[in-house]
Structures are given as structure tokens and as C-alpha cells.
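I set out to read this structure from the whole chain down to single residues. My notes follow in the order in which I looked things up.

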Amino acid sequence: MRQLLGVAALFVVTGCSSSPESFDQDIPFKADVMKWRYGATAAASVTYDAPIGRSDHMTEFVIMTAVNQSLSRGVPIDLELVTWNFDDPAMEETLEWMRTVRPLGVHFFGHGHRHIDYDRETYETALHDFSLCFDLMEQWDLKPRSYAYPRGAADKDETRQACAEAGFFSGRTVTREGNFYITPNDQWEPEDWYYLPSVAMAHKEPNHIAEHKQLTPILDKTLDQTAWVIVTYHNIALPQGWGWYPIQEFQKDLQYLVDKDFWCDNMDDVAAYIYERNAFNYEAARVSENAYELRVFDGLDNETYDQPLTVKLRFDP
């Protein structure tokens, strides 16, 4: 990539492993990664724990209603994947659909091989099921990275350890009240990558968020704290479903995210961005009188950590 800066030229080279000895710091600028992509104030991820994999028309309606509403506004959305549901050749058509929509912004997070409370199981059982979930997602070309614990059960250290050992790089639980804000203010690393909080949206329990006006203060505080928030839904537009949430309220939620200064992206992409920005490093040098070369690298596996970073150059006046 080549970009003109006044009368000088800047050459940017990515993914380098050059030796620092060949570069000097006698340059008129510094490079800083923005906390969120595009310099947005905060980040938000919309996740949907709808039971994908059940071959019935009502489930298809529940999933596609949310997907269409979200993508039509340019907001990516994450769907759960309980791999047990796909242990059937008849599900290949659904898997093909999942592979097709992934590039459009519909990502899939691991949700266990079985939808059970793994805090009640042994470490060995959790590790076996989480690893099987990860391996099957990889086999199906669905790029396993983020995980969400069934029933939000991740209070045991062993459950979170099993998630990490299985290969996932983050784990999301459900927070029904309290601190929903990931990396607030000057904090750039989550307190626990395998215990990420999320906002529970549902008409189910008194401490669930049941309508848009209850969500707006949480979103506003996310902006105030320049944080990342994960919002979790279950059955949108299905009053008889567990955790029902009205479609009109979901539309308001999405529009609010679009109208405010949020970077909206999939849970795994935001996590990858955080890992990369925190590992960001660069070397720079003058290569001629009016040209500079900037080499950027993070030392991470590009197959997994594949998100472009937003970098701000600060020039000597």
C-alpha cells in the first residue's frame, strides 16, 4: 500500500518479521492503533442464541427474522452452534447455508456439543465436548474462535479453562445485572477473556432487559466508557418461545446502534481486533529524502487474527 503525505511518500508493509536493527526512529511521525475500528467511540456485538439446527419452519422464521433485520441495517449478527444438532447428514444443506452467509456478516459461535450446564460436569467432560464442538466447526469451515456457554454457566474455573484448552480464544456468559462493559475507559484488555459479560434481552425474568428503553442507558454508558458491549437475544418475534423479545423492540435496538457512534461487528472479529491492537508493533525508517517505510506486525497467526487495524499517524508539526 502506498499513500502520499504532503510531498513525502509512506510505504506500509504488513506482516513483517524484519530485524529491528535495520530500522531507526529518526522519523517525523508515530503510529498508534485506535481503540476501535474507524476510530469509533465504542464497540457492540449482537448475538442470537436461537436454536439453529432444528429443522422446523418456526425455528427458521425466528432465525431469519433477526438475521434479515440486522443485516439490512448493516449490523453483523452472531448465531449459536450446538454441534450435536448437526450430527446428521440431513443437516448438510443447513451447513452449506451457514458457510454461504458467513462472509455477509453472519458468524457462528461455539455453544457446546450438547446444550447442558457444564459447570455441573467434570473438567474432562467439558473439555471433551468443547473440543468436539471446536473441531467440528473447523471441519465445517465455520472458523471457530468465540464461544458462549450454554445457560451462561461458566462460574467454575475448570469450565473456563476447558474453553481455552479446546481452542476458543474467548468465552461469553450472560450477565443479568451489573457490569456489562468490556475494556472500559483506559482498560484495553478484558478482565477475563473466558468470562465476557453480555446483556440478556428477554421477557423472562425480572432482571432481563425486556424493551428498548431499558437497553438505551446501557448503550449510552458503553459510549461514555468507550467500551465493548455484547447484547444477547433468544426468541425474537416468537411470544411462545423461551426468552421472547418483540421484533419492534429489536428494530429499535438495531437502529440505535446504527445511529450512535458504535463499531458494530461480530463477537469474534471484535475480539480478534483487541488481541491484534494489543500486540501491535511497528518499525519505521527513512528510505529516501522524501519517503518513509512503516513495517507493522503483531506476531499472531494471521489465519485466526485476521482483522484490519485502524492506525493513526501522529506527525511532528
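**Entry 1: the chain as a whole**

I note at the outset that this is a predicted model. I looked up the secondary structure and found seven helices and 16 strands in the protein chain. The chain has 317 residues, of which 55% are buried. I then turned to the contacts with a separation of 6 or more, and 76% of these join residues 24 or more positions apart. The accessible surface comes to about 14900 Å², and carbon and sulfur atoms hold 49% of that area.

**Entry 2: the largest nonpolar core**

I asked which residues touch the most other members of the largest nonpolar core. They are Tyr-48, Phe-108, Phe-130, Trp-228, Tyr-233, Ile-236 and Phe-250, in a core of 93 residues. Helix α7 (residues 267-279) gives the most to this core, with seven residues. The core lies between domain 1 (29-37 + 273-315) and domain 2 (46-265), because both give residues to it.

I followed Phe-130 further. Leaving aside neighbours within four places in sequence, Phe-130 is in contact with Tyr-118, Tyr-147, Tyr-149, Thr-159, Ala-162, Cys-163, Ala-166 and Phe-168.

**Entry 3: helix α5**

I checked the length of helix α5 (residues 212-224) against expectation.

I next listed the buried residues of α5, which are His-212, Leu-215, Thr-216, Ile-218, Leu-219, Thr-222 and Leu-223. What covers them? I found that the cover includes strands β4 (42-48), β9 (199-200), β10 (228-233), β12 (244-245) and β13 (262-264), together with helix α6 (247-259). After α5 comes Thr-226, with a positive phi near 45°.

**Entry 4: strand β5**

I looked up how strand β5 (residues 77-81) is placed. Five of its five residues are buried, so β5 is largely enclosed by the rest of the structure. Ile-77, Leu-79 and Leu-81 are buried on one side, and Asp-78 and Glu-80 are buried on the other, which leaves both faces covered.

I then traced its pairing. β4 and β5 run parallel and are joined by three bridges; in β5, Leu-79 is the bridge partner of Tyr-48. β5 also pairs in the parallel sense with strand β6 (residues 106-110), over five bridges. There, Glu-80 has Phe-109 in β6 as its bridge partner.

**Entry 5: Ser-70**

Is Ser-70 buried or exposed? I found Ser-70 in helix α1 (residues 57-72). Its relative accessible area is 0%, so it counts as buried. Neighbours within four places in sequence aside, Ser-70 is in contact with Val-75, Pro-76, Ile-77 and Leu-254. Of these contacts, Ile-77 is one of the buried residues of β5.

**Entry 6: two residues with positive phi**

I looked up Asp-141, which has a positive phi of about 60° although it is not a glycine. Asp-141 lies in the loop between α3 (123-139) and β7 (146-148). With a relative accessible area of 56%, Asp-141 is exposed, since the cut-off for exposed is over 50%.

I also recorded Arg-151, another residue that is not glycine, with a positive phi near 60°. Arg-151 sits in the loop between β7 and α4 (157-166). Its relative accessibility is 57%, so Arg-151 counts as exposed.

How values were computed:
Residues numbered from 1 in each chain as written. Predicted model: local features only at pLDDT ≥ 70, side-chain atom pairs only at ≥ 80, totals over all residues. Heavy atoms only, no water. Helix = DSSP H or I, 4+ residues; strand = E, 2+ residues; numbered from the N terminus. Buried < 20%, exposed > 50% of the residue type's maximum accessible area, 1.4 Å probe, protein only. Contact = heavy atoms within 4.5 Å. Areas by Shrake-Rupley, 256 points an atom, 1.4 Å probe, with all protein chains shown as cover. Core = buried A, V, L, I, M, F, W, Y, C linked by side-chain atoms within 4.5 Å. Domains from an automatic or database assignment. Pairing = 2+ DSSP bridges.
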